[in-house]
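Reader: I have a structure open and I'd like to go through it piece by piece. Can we start once it is on screen?

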Amino acid sequence: MVQVCQSTIIDAPIYEVWRVLRDFNGHDRWHPVIASSAIENGEPVDAVGSVRRFRLADGGELREQLLSLSDKECRLTYCLLESPLPLMGYVASIRLKPVTDGNRTFWEWRSEFHPPASRREELVRLVTEGIYRAGFAAVRKLLSAGQRQTPVAASVMDAPAVARPMPKLVEAVSADGADRTRAIVVAKHGGPEVLEFREIGLPEPAYGEVRIRHTVIGVNFIDVYCRTGYFDLLSPPGVPGMEAAGVIEAIGPGVSGFSVGERVAYGCPPVGAYSERRNMSPELLVRLPEDISDEISAGALLKGVAASFLLHDVQQVRPGSVVLVHAAAGGIGQILVQWARHLGATVIATVSNDDKARLVERLGAHHVIVYTSENFSDAVMEITGGRGADVVYDAVGNDTFAGSLAALGVRGHLVSFGQASGPVGNWDIGRFSSKSITVSRPNYGHFTDTQDKLVPHVHRFFSALRQGIVRIDTPRRYPLARAADAHRDLESRRSIGSLVLVPASPPAPNAASSLGSVATTG
Amino acid sequence: MPKVYVSSVVNAPAADVWQVVRNFNGLPDWTPFVAESRIEQNARPDQIGCIRNFTLKDGGRIRERLLALSDYDLSCTYSILESPMGVENYIAKLALTPITDGNATFCEWEAEFDCAPEREAALIQQIGSGVFQAAFTSLKKRFAR
């Protein structure tokens, strides 16, 4: 059995909505899919037991019986007697409740039925969207048309649904009594120039939130996608950034297990890391062990966790695997090269110039291809004696996707985890059968959005750092106010390794730890 | 028997709102009028029958007993044992319902009680606007998107 339940708010008083819905024979006047309707045997429309026979716009004919009607509760129940669709045992109810705050109406429409397993999804979608949601929209339109003289502020419910509530920027001017902090604000989507450094309001941590004072903030390519609007993670005005390390400064009500002064780091939505201080839910905070510096974790936590699931979950890299890593001198590329080598793989790396090639060789890549001077897929085939790569890690996107497919061996796996050079476009997957190719498009969130998923990767990454499996160069530092420069360097492919932002005033972060090595510049 | 019914819409998923209002000892966290609260006899705040003993910001003290709590229906029912309001047989229910359209929450709070007839209008006003609506307003502010 399936249950469908949909609900909405109609911007009209309950008696007006009920007047429309209680008429068991009136649905042909408002529902878009119903062409005509009649009550059988001339029964009264509000007699419990009466049957409506109605015809859909597409010609199908149905019969439904009224099972209960209550003017006190503004509720009615009905069942399906005959239908061209196999909605077996379909019983539905409609109920209304007043929203006293604003004189509006809550409307819930729900049903149960037994669809054949093979058509379950299709029928649930039909009922949910084709009947209930379409009905909501039709009644909303009907009632708003009759209310033109007294326009009511558009219901907030009409706004497009957002998958995850985005943190709203608190404007400094409106934050009366609240604290302030300085942050990079994206006032509208655009190029690096839209990154504006200014003061914003910072409310007390709300229920279930902690306040973090950032010591070091990570810069990732996903921040560029948020800035440009390519990813729907930041609605302007908003503060970008999803990775940072710092110290817990205050704890809101309802939070347990954290204390003021604890060193923490995170690499997760919601955005807001490009700030001196912020409030956030501690759900995905990572406590920093003493031997992991703020700088290394801010520069590498997100990348290290991503490398962990890319090498262990998305594909299980084993001794003897041939692994091709693009953009191998980049933040995540450097980690993939070192870790894949440790796992026993033959590592082939691509980079854009000779300086980066030398760096990647030092990290342990077995073969380095400067893709600006030679065709990398031919080179891979040559290096592997025609076998091709078992897995390609490709976050470059448009420029490399076709070559990556060509560089794969039989039953190879192309892991496309970014598109720094642009979207990969449309591909006919039929052609993948020539080598039985698998293509994955992993999303960071789906591997890290709960403690259960995240923690094993964090532990694995920290342990790889401790054992020297992965060495992270001291990230290149930019003042927080100069975030735009960091973005320009990242996008122009000038940068090597990780970039971090450092807030100006707070105490200096932990000195570069023993895990950091040679400082590099772009 | 006088009845009060207040309902509102909070712009956040029902599970998130429930996380806040389910705590029978949590009134100081989310309502604007409660100064402090404790659960008597060290009971858990989700133990049916437990008593919350709280002080209003205006100094009044109220004791209420948890009669029902449902993580399935997202509802909480309680009665007043002692209060300065002059009500008897007071039973209230707070309930949340998901609004699928926009992933928001329909919040309802209703109460029934007995009182002296001349106090009825003032009490309905005080409980409806001063307590239930005031709490919903601060809940809406907390979850403003």
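**Two chains, step by step**

Author: Among contacts in chain A between residues at least 6 apart in sequence, 63% join residues at least 24 apart. Two residues are in contact if their C-beta atoms, placed from the backbone, lie within 7 Å. This is a predicted model, where local features need pLDDT of at least 70, side-chain atom pairs count only at pLDDT 80 or more, and totals for chains, interfaces and linings use all residues. Residues are numbered from 1 along each chain as its sequence is written, while chains are lettered from A and ligands numbered from 1 in the order in which they are written.

Reader: What is the figure for chain B, with a separation of 6 or more?

Author: In chain B, 47% of those contacts are between residues 24 or more positions apart.

Reader: How many helices and strands are in chain A?

Author: Chain A has 11 helices and 22 strands. Helices (H or I, at least four residues) and strands (E, at least two) are DSSP runs, numbered from the N terminus.

Reader: And which pattern does chain B follow?

Author: Chain B has three helices and seven strands. Along the sequence they come as β-α-α-β-β-β-β-β-β-α.

Reader: Switching to helices. Which residues of helix H6 of chain A are buried?

Author: In H6(A), residues 354-363, the buried ones are A:Lys356, A:Leu359, A:Val360 and A:Leu363. They lie on the same side of H6(A) because they cover an arc of only 95° around the axis. The arc is that of the directions from the helix axis to the C-beta atoms.

Reader: Why would residues three or four places apart point the same way?

Author: An α-helix has 3.6 residues a turn, so they do.

Reader: What do the buried residues of H6(A) pack against, and what is on the face turned away?

Author: They pack against helix H5 (331-342), strand S16 (346-351) and strand S17 (367-370) of chain A. The face turned away carries the exposed residues A:Asp354, A:Arg358 and A:Arg362. Just after H6(A), A:Gly364 has a positive phi of about 115°.

Reader: At what angle do H4(A) and H5(A) pack?

Author: Helix H4 (residues 294-314) of chain A packs with H5(A) at an angle of about 45°, with the axes 9 Å apart. Axes are lines fitted to C-alpha atoms, for helices over the stretch in contact, and angles run from 0 to 180 degrees between N-to-C directions. The angle makes H4(A) oblique to H5(A). Angles under 35 degrees count as roughly parallel, over 145 as roughly antiparallel, 65 to 115 as roughly perpendicular and the rest as oblique.

Reader: Which residues of the two helices meet?

Author: Among them are A:Ala307 and A:Leu311 in H4(A), and A:Ile335 and A:Trp339 in H5(A). By class, the contact of H4(A) with H5(A) has nine nonpolar, two polar and one charged residues.

Reader: Now loops. Where is A:Asn41, and is it buried or exposed?

Author: A:Asn41 is in the loop between strand S2 (34-39) and strand S3 (51-56) of chain A. A:Asn41 counts as exposed, with 7 C-beta neighbours inside 10 Å. Its phi is positive, about 60°, although it is not a glycine.

Reader: Last one: which residues does the cis peptide bond join?

Author: It joins A:Pro236 and A:Pro237, with omega about -5°.

Key. A residue is buried if 20 or more other C-beta atoms lie within 10 Å of its own, exposed if 12 or fewer, and partly exposed in between; C-beta atoms are placed from the backbone. Ala, Val, Leu, Ile, Met, Phe, Trp, Tyr, Cys and Pro count as nonpolar, Asp, Glu, Lys and Arg as charged, and the others, Gly among them, as polar.
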